[in-house]
Amino acid sequence: MTSQNPVTASSARSSHTASAFARGKAFIPFITCGDPDLQTSAALVRSFAQAGADLIELGIPFSDPTAEGVTIQDANLRALSAGTTTDKVFELVHDLREGTNGPAVDIPLAFMTYANVVFSYGTERFCAAAEEAGIDAIILPDVPFEEKGDFDAIARQHGIDLVSLIAPTSNERIRMIAAEAAGFVYCVSSLGVTGTRDAITTDIGSMVELVREATDAPVAVGFGISTPEQAAQMARLSDGAIVGSAIVKLIAEHGRDAVGPASELVCAMAQAVHDI
Amino acid sequence: MTNPQGRFGVHGGQYIPETLMNAVIELEQAYERFKDDPDFNAELNQMLNDYAGRPSRLYFAERMTQDLGGARVYLKREDLNHTGAHKINNVVGQMLLARRMGKTRVIAETGAGQHGVATATVAALMGMECVVYMGTEDMERQALNVYRMRLLGAEVRGVASGTGTLKDAVSETFREWTNRIEDTHYVLGSVMGPHPFPTIVRDFQAVISREIREQCLAAEGKLPDAVIACVGGGSNAIGAFYHFIGDKDVALIGCEAAGRGIDTWETAATMNTGRIGIFHGMKSYFCQDEFGQIAPVYSISAGLDYPGIGPEHAALSDAGRASYVPVTDEEAVQAFEYLSRTEGIIPAIESAHALAHAIELAPKMRPDQVIVVNLSGRGDKDVAAIARYRGEDLHD
């Protein structure tokens with residue numbers, strides 16, 4: 001993944017992942033693949049891309065998602081009950097990139113899953129399949145800076161960014177983490193697990209400032225964002241907003257008919273973020 | 001077996017969300033500071049002796065030995081500790097550490113309820129707030145322990161997600177920890193999870209093998225030929241093994257819960273049916289499917305009903321230093337009944353897994369050889385469940 005652009009200082013800027021931030025603030029929606037089934041997931045991704053999403057996080061379901069609140073835990077279980085496997089998620093991404101059964105999706109796509117899903121598949125085999133399918137980045141919430149060696153080098157060899165997370169408790173760790181960031185930095189807005197929150201009280205501005213001192217990789221804020229107003233507020237303080245649970249709630253409510261209501265929310269959020 | 005990164009061979013590590021990293025680093029620093037501190041150790045030893053009732057006895061099971069007609073069988077009576085199991089050794093240590101770290105609230109997971117009861121007990125003694133997470137399935141199996149914890153002033157929160165057992169309770173306690181770290185210490189109950197927990201819990205449980213060593217030398221003039229312990233996460237087993245790891249002639253045998261058999265899906269025998277993976281903060285062996293989904297394990301014993309095993313056990317197995325054998329529900333229940341009848345001791349159903357293997361092994365050994373079984377807990381909590389297993393309509 002050597003850059004053709006000689007003026008690009010950091011590999012983070014040159015990756016396809018970071019192109020999500022090239023037009024300004026980025027809006028990043030999340031879904032769990034296979035919830036309620038893979039056809040609906042494909043339709044959701046296509047509609048989100050059309051609705052203005054700049055990057056989409058695709059969750060590969062895991063039986064015991066320890067960083068998730070109840071909403072996304074349930075989505076993982078629904079997806080697994082529907083027979084979703086890692087191989088079927090690779091096929092989904094492949095079809096989305098190739099334009100099989102619908103328009104091709106060109107925006108960056110990131111996998112969000114847990115260490116064991118990648119490790120047990122074989123990290124090399126997983127990254128090769130992800131590259132082949134057309135994945136740009138991987139987010140592993142249970143792999144902190146100290147353990148990323150298992151995954152980082154192999155992902156890099158396949159042109160995939162292993163996205164680093166920072167949290168409200170990271171403090172002096174932020175500089176160290178950001179200095180090695182690939183793609184973008186995922187700023188966890190609040191303590192606790194994923195899920196919608198009425199208010200985000202963390203000083204996001206200071207966290208973002210610390211990241212920017214160490215890298216020119218963009219920073220996107222996630223966890224707890226449920227309204228277009230909150231998304232705009234977080235994007236104003238950073239380079240983008242990530243929304244999961246608020247979208248997954250609509251999918252839980254509407255099942256196979258979720259494309260309309262979910263893309264409506266994504267459209268409103270993307271607009272709020274892009275209008276900044 | 002450990003190194004500075006918290007690895008045991010290839011196992012161990014710190015696979016946890018970034019939100020918790022400074023918490024485990026703070027814990028590691030506190031432990032490094034206090035583990036050799038004379039005041040800390042004086043307080044720890046005093047509490048272990050005066051409050052928990054240590055040292056626990058090494059009891060020669062004469063009738064069992066005669067009946068089996070082979071090796072001399074000793075029982076390490078961890079069941080006689082306050083709260084009825086080895087769990088208190090670790091809880092006292094971690095709670096003293098938590099207090100020195102300025103924490104005022106503790107959270108814990110529990111399977112059979114023994115670790116939850118021990119944590120609630122020491123929290124009551126130290127005047128700390130205590131919340132225990134327990135799978136809803138286990139709350140039903142171990143209703144008496146739920147009441148005990150509440151009696152001791154702890155809040156018990158049921159975990160209905162997943163299989164409603166120990167694995168889910170661990171996940172939920174980690175989730176709660178990410179929610180509230182500042183004033184809260186997670187008293188992890190076994191030699192598992194992210195570094196430094198496997199090392200800290202092992203060190204606090206190592207008192208078991210330190211005592212066995214002295215007591216066996218005093219009674220027999222030699223070290224045991226085999227030390228046998230049950231293994232879920234593996235804390236009583238590592239405690240019983242630790243000071244014998246360098247003694248190659250002492251066989252170290254862990255007994256896993258095979259449930260209805262290792263050739264069925266209803267098993268929790270990690271070493272015998274699992275493969276290497278990353279879960280609950282550590283690299284180790286786990287029961288999982290081909291895509292790394294954690295398997296819904298089963299055992300009659302709520303304390304052994306866990307799909308993983310501590311990383312030091314995984315490394316001891318890789319190195320061939322310890323062996324891990326499966327024991328079924330039926331074998332464990334028979335051993336539970338056998339010890340009750342033969343020695344007048346009702347063992348925890350967890351410990352009965354270790355006894356079952358001793359019953360099989362002793363007759364194959366010479367009368368001058370010595371087996372030590374770690375009797376990790378007492379069986380009062382299990383009586384109703386065993387009665388139901390035997391078809392009697394008995395409830396707590």
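What covers the buried residues of α7(B)? The notes below start there.

1. **Basis.** This is a predicted model, in which local features need pLDDT of at least 70, side-chain atom pairs count only at pLDDT 80 or more, and totals for chains, interfaces and linings use all residues. Residues are numbered from 1 along each chain as its sequence is written, chains are lettered from A and ligands numbered from 1 in the order in which they are written, and side-chain values use heavy atoms, with hydrogens and water left out.

2. **Helix α7 of chain B.** The cover of its buried residues includes β5 (105-110), α5 (114-126), β6 (129-135), α6 (136-141) and β7 (155-159) of chain B. Helices (H or I, at least four residues) and strands (E, at least two) are DSSP runs, numbered from the N terminus. Asn145(B), Val146(B) and Met149(B) are the buried residues in α7 (residues 143-151). They sit on the same side of α7(B), because their arc around the axis is only 105°. That arc is taken from the directions from the helix axis to the C-beta atoms. Tyr147(B) and Leu151(B), on the other side, are exposed. Buried means under 20% relative accessible area, exposed over 50%, and partly exposed in between (1.4 Å probe, protein chains only). In general, an α-helix has 3.6 residues a turn, so residues three or four places apart point the same way. Just after α7(B), Gly153(B) has a positive phi of about 95°.

3. **Confidence in chain A.** Mean pLDDT (the predictor's confidence in each residue, from 0 to 100) is 94 for chain A, and 95% of its residues reach 70 or more. Residues 1-13 of chain A fall below 50; beyond near neighbours in sequence, this stretch has 19 contacts in the model. Contact means heavy atoms within 4.5 Å.

4. **The β4-α4 loop of chain B.** Glu78(B) lies between β4 (72-77) and α4 (87-100). Its relative accessible area is 0%, so Glu78(B) is buried. Beyond four places in sequence, Glu78(B) touches residues including Arg54(B), His86(B), Asn89(B), Ile208(B) and Asn374(B). Thr83(B) lies in the loop between β4 and α4 too. Phi of Thr83(B) is positive, near 75°, and the residue is not a glycine. Thr83(B) counts as buried, at 13% relative accessibility.

5. **Cis peptide bonds.** Arg54(B) to Pro55(B) is cis, with omega near -10°. Pro55(B) is in the loop between α2 (38-51) and β3 (58-60) of chain B. His195(B) and Pro196(B) are also joined by a cis bond, with omega about 10°. Pro196(B) falls in the loop between β8 (184-186) and α9 (197-205) of chain B.

6. **Largest cavity.** The whole structure holds eight cavities of 30 Å³ or more. The largest has a volume of about 340 Å³. Of its 30 lining residues, His86(B), Lys87(B), Gly303(B), Leu304(B) and Glu350(B) are the closest to its centre. On a 1 Å grid over the protein atoms alone, a cavity is a set of points where a 1.4 Å probe fits but cannot get out; a pocket is an open set with protein on both sides within 12 Å along at least five of seven lines; lining residues have an atom within 4 Å of a point. Grid points are joined across faces, edges and corners, and a volume is the space filled by probe spheres set on the points.

7. **Largest pocket.** This pocket holds about 570 Å³ of space. Its lining has 25 residues, with Asp289(B), Gln293(B), Ile294(B), Ala295(B) and Pro296(B) nearest its centre. α3(A) gives the most to the lining, with three residues.

8. **Gln73(A).** This residue lies in α3 (residues 70-81) of chain A. Gln73(A) is buried, at 9% relative accessible area. Beyond four places in sequence, Gln73(A) touches Pro65(A), Glu68(A), Ser161(B), Glu172(B) and Arg175(B).

9. **Ala354(B).** Helix α15 (residues 349-361) of chain B contains Ala354(B). Ala354(B) is buried, with a relative accessible area of 0%. Its contacts beyond four places in sequence are Ile228(B), Ala229(B), Cys230(B), Cys255(B) and Val373(B).
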